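The points below may be read with the sequence and the model side by side.

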Amino acid sequence: MTSTLIIQGLRVEVAGKEVLKGFDLSMKSGEVHVIMGPNGSGKSTLAHAMSGRPGYKVLGGSVLLDGVELLNLSPTERARHGLFLAMQHPMEVPGVRPLDLLVAAGADPAHLRERMSAEAERVELRTDVLDRFVNVDLSGGERKRAEMVQLGILRPKFAMLDEIDSGLDVDALGAVARRLSSATTEWNCGVLAITHFRRLLQELTPTVIHVMSEGRVVATGGPELSEVLERDGYEPFRQAKSSII
Amino acid sequence: MKTFAESALSFISDRPDAQDRQRAWSAFEEAGLPTTSDEVWRYAPLKDLVIDSFNVSSAPATQENSPFASQLCERAGLVVRVVDGFCVDSGSAPSGVHVEVVENAISVSGASMQSRYESDTFAVLNNALAPATTVIKIDDGIDVERPIIVLNSTSGSSSFSSTQIKLGRSSSATVVEYFEGGADALVVPLSEYEIGDNASLQLITYQRLSSSAWHVARTTGFLHRDARLRQAVIGMGGHYNRSRNDAEMLGVGAENELRTTFLGSGGQVHDFRTHQFHKSARSRSTLLSKGAVADESRSVYTGLIEIEKGAKRTDARQTNHNLLLSAHAHADSVPNLDIRENDVMCAHASSVGPLNELQRWYLESRGVTRSDAERLMIQGFFYEMLTTLPHELAELVENDVAAALALVKVVAP
């Protein structure tokens, strides 16, 4: 079954400042969309607002997942409708074990520990980490791999990855990117990856690239867009945007 | 119906060391019960304490193990059973471990019990009324492989148990002191731990008394050179649950890690007091106190770090976090420092508030419901306390804690 995620005119305020100023994006199951943009362009705000992070105030717009308005739902219900966020800095939750988290999140408890181990091996995460408390005392790279374990168990319709490549070495990045690629075929997962580095794209082939600046998409194109970015940087896109205005 | 004093005096007169006990009893009578005008008793619901509703038992009542206690015992290398303060079964100790029941024991500190505890009313009462002291001794160099369980149950209307655990040089052991029963009873345990040079004691005090019990407990660790005491105190039961947990770092390089936690519900009062006393150089203490109060319950945490002149390069840390789970619950936190040496590292932090919103959101963003997220996080308080327990024991206690938590209404204010 094909699912759709449609974001229209999304406006979000954080700490009294409008950061997203009418963001649009549409995607389908199995596609890989990459959002690139300089620091401060609103990339992370998009991911957090979509997941209903406290303190992120939606001023307008719509996020439809298979026709259901996510913005009216609680963070829990958004996740249960099939939206997953892998965070840039996944939070430590002392005293809570990954397995208990996943069961509470609705994962099938049958052979869960074995399935988690298999997922951990796919992203080269030491399996003893699975018995520790969620993200506690894990390195940045381990946390991101641990998010991939959750992704593999929860099998969301759409996975958003906020700066998944930051803090990862080349090997880890490769492992994470390969896991995401196979998710697109294994259960037709749609991947929305946020990054400001190009190197992720060497491992994860995008269907579409969106360039973001000052809270909205200023250019959309195929993989070739990343070469333009590599050559010219973000500046021409910013100028393009201001010339439109 | 006898008054408490009549039953106490009749108990005392039958004991071989009646004279010493009589002295302790007189000291208790002279001091009288504390009042809330005493700073250290300010938070206790003393108006609910009717001493004549309790009686001192002259013999232990027969007591069946609860299902949980039975499961604990299955995982133990040695089970010592104490009923209503009487050691009724000293188990079969493995090689290098000895269990003795001692009348008129002296304090591990070297002083007599009465002079050691003269300023503490309930400890004095314990000195007068504990049937005997159960002493568990571990020989030098012995690593006790399987956990030792001290099963403490109260079926009468009062219980005064006295326990000493003594680890010889370079020995190690895991001990669980478990408390259950105690409906409408006064439960006053007194424990001392001596950890010899380079020895290591992993200790869990798990209090699962009835919510109608009065529980006034005191423990003291005495740590010699390079000794390690890792103690976790988990308090669930009690109308009033008072737990004083002290450690004296007597030897150079001694190390104490204390974790205390509680869950308050209904109209409970949890009163935790700690004193980490650094008497020697390069000693370390790490204290983490975490608790949650629901319904109309309240809690107080009072912790003192004391550093003696000359205890150079001491490292002492104290952290207290309290969670409010209802708008009618209340928590107080009173950390104190008394430092008489300059060359030390000392830190303390405390907080009172609701659950961490971002941690909760993180769980919710995975699809966990809000109520499950809150329950997982609170459960996590207790699970954190159990991290150093052997796996099979930790799992058992975790399941028991989870079952108790499932009965508590959690409302984030």
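1. Which residue with a positive phi follows α6(A)? That residue is N188(A), with phi near 60°. The positive value occurs although N188(A) is not a glycine. N188(A) lies in the loop between α6 and β8 of chain A. Helices (H or I, at least four residues) and strands (E, at least two) are DSSP runs, numbered from the N terminus. N188(A) is partly exposed because 16 other C-beta atoms lie within 10 Å. On this scale, a residue is buried if 20 or more other C-beta atoms lie within 10 Å of its own, exposed if 12 or fewer, and partly exposed in between, with C-beta atoms placed from the backbone.

2. The model is predicted: local features need pLDDT of at least 70, side-chain atom pairs count only at pLDDT 80 or more, and totals for chains, interfaces and linings use all residues. Residues are numbered from 1 along each chain as its sequence is written, while chains are lettered from A and ligands numbered from 1 in the order in which they are written. For chain B the mean pLDDT is 94, and 99% of its residues reach 70 or more; pLDDT is the predictor's confidence in each residue, from 0 to 100. The scores of the model are ipTM 0.95 and pTM 0.85.

3. Helix α6 of chain A covers residues 170-186. Its 17 residues should span 24 Å at 1.5 Å a residue, and the end C-alpha atoms are 24 Å apart, which agrees. The expected span is 1.5 Å times one less than the number of residues. The buried residues of α6(A) are A172(A), L173(A), A175(A), V176(A), A177(A), R179(A), L180(A) and A183(A). They pack against α4 (112-122), α5 (140-154), β7 (158-162) and β8 (190-195) of chain A. Two residues are in contact if their C-beta atoms, placed from the backbone, lie within 7 Å. Leaving aside neighbours within four places in sequence, V176(A) is in contact with V123(A), K144(A), R145(A), M148(A), I164(A) and L168(A).

4. V176(A) also belongs to the largest nonpolar core, which has 183 residues. Together with A159(A), A193(A) and L201(B), V176(A) touches the most other members. Helix α7 (residues 370-385) of chain B gives the most to this core, with 8 residues. Such a core is a set of buried Ala, Val, Leu, Ile, Met, Phe, Trp, Tyr and Cys residues joined through C-beta atoms within 7 Å.

5. How many residues does each chain bring to the contact between A and B? Chain B brings 21 residues and chain A brings 20. On the side of chain B that touches chain A, the elements giving two or more residues are α6 (357-364) and α7 of chain B. The most come from α7(B), with 9 residues. The residues of this side divide into 9 nonpolar, 6 polar and 6 charged. Ala, Val, Leu, Ile, Met, Phe, Trp, Tyr, Cys and Pro count as nonpolar, Asp, Glu, Lys and Arg as charged, and the others, Gly among them, as polar.

6. Helix α6(B) is largely enclosed by the rest of the structure, because 6 of its 8 residues are buried. These are Q359(B), R360(B), W361(B), Y362(B), L363(B) and E364(B). The buried residues of α6(B) pack against α2 (75-80) and α3 (98-104) of chain A together with α7 of chain B.

7. In chain A, 4 strands form an open, antiparallel sheet in the order β2-β1-β4-β5. Its edge strands are β2 (17-28) and β5 (68-69), each pairing on one side only. Two strands pair if DSSP finds at least two bridges between them. Strand β1 (residues 4-14) and β2(A) share 9 bridges, and L5(A) has M27(A) as its bridge partner in β2(A).

8. In chain B, strand β16 (residues 269-278) is mostly covered, with 8 of its 10 residues buried. Strand β14 (residues 240-249) pairs with β16(B) in the parallel sense over 10 bridges, and D246(B) stands opposite H275(B). Strand β18 (residues 298-307) also pairs with β16(B) in the parallel sense over 10 bridges; here H278(B) stands opposite I307(B).
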